[in-house]
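Welcome, and please load the model in your viewer. We will go from one selection to the next, with a short note at each stop.

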Amino acid sequence: MKVSFEQLKSMVVFAQIVEQGSLTAAAKQLGLTRGVASYHLKKLETQLEVSLLNRSTRTMTLTEAGIAYYERCRVITEQANAANQQIENIKNEPQGILKISCPVNVGMQLIVPAINHFKRQYPKIDIDLQLSDEVIDIIKNGFDLAIRGVALDDSNLHATKLTVMSTCICGSPDYFAHFGKPKTPEQLKAHKWVVYQLGSKTLTLQKEGKKHSLIMQGGLSTNNAAARTAFVEAGHGIGRIPVYDAWPKVQAGLLEVVLDDYKSKDIELYGVFPPGGAGSKKLRLFIDYLKHYFVKKHTALGMLKSN
């Protein structure tokens, strides 16, 4: 005998009658009238051709058939409630996988620590982080998000600004001991640079409304930001380095900042994602988390620099 949709409703009503102990209490629990609850019970007994309850004016007990049938109806009700609860959990606690592309140095210095905190708060969101300084086709390669230093012109992608990172001009103590510290932008032109290939080779410094531009040239260049910092630290030249990367080494005495009274162009960090990503709750949650994380990071870095 096939179970109809109407019979499923009657089974739920029957389970509530047993659990609540009366038609009146069951009806109240389900938001029905007593008459409707009684209708479902009678209809169920008619369809099954058995009595499920022994009823009198004062008592109500299960028959042998009612005991067996109730166990099945109880399981159905519990499974329905569990299904609803699972959906609520998904809505309240997003889960699934986020595949993220990120430059190596930004990833190791900023994104990995952020993910460490994020995963503690949202353990059901799995992260697949791919570190590469190459610009990857995120749609073709199935990425949910790419962390990039520029907003792309590709109209098929969406971008949101995550943070703005300040930069500084650094060199190692050994380098400056051999070649001297530049005091003006003009003196920078005589120094060797470690060039970051993925950024602009033109450096523009500004102070009191005046701009000074020069071309960064040197015997070492790289497409990896971490390698650039390592080359500068080793004394092979000076470099324009994000403050988040340079400052711990400055504090450790491994790098020194020059011309810090001049302002260089900030690096804007973007989150780039496919058009459909805007509807992903877990992606929105992660992007919002990153923005909040960077605000706290900048605040902490500002406190360190002021001490």
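Helices (H or I, at least four residues) and strands (E, at least two) are DSSP runs, numbered from the N terminus. Axes are lines fitted to C-alpha atoms, for helices over the stretch in contact, with angles from 0 to 180 degrees between N-to-C directions. This is a predicted model, where local features need pLDDT of at least 70, side-chain atom pairs count only at pLDDT 80 or more, and totals for chains, interfaces and linings use all residues. Residues are numbered from 1 along each chain as its sequence is written, and side-chain values use heavy atoms, without hydrogens and water.

Start by selecting helix α1 (residues 5-20) and helix α2 (residues 23-30), whose axes come within 8 Å and cross at roughly 120°. Now show side chains: V12, V13, Q16, I17 and Q20 of α1 meet L23, A25, A26, Q29 and L30 of α2 (contact means heavy atoms within 4.5 Å).

Next, select the open sheet of five strands, in the order β4-β3-β5-β15-β6 and with mixed pairing; two strands pair if DSSP finds at least two bridges between them. Look at the edges: β4 (125-131) and β6 (158-165) each have a single partner strand, so one side of each lacks a neighbour in the sheet. From one strand to the next, the twist averages 20°.

Zoom in on β5 (residues 145-148) and β15 (residues 267-273), an antiparallel pair with three bridges. Here A146 faces V272 in β15.
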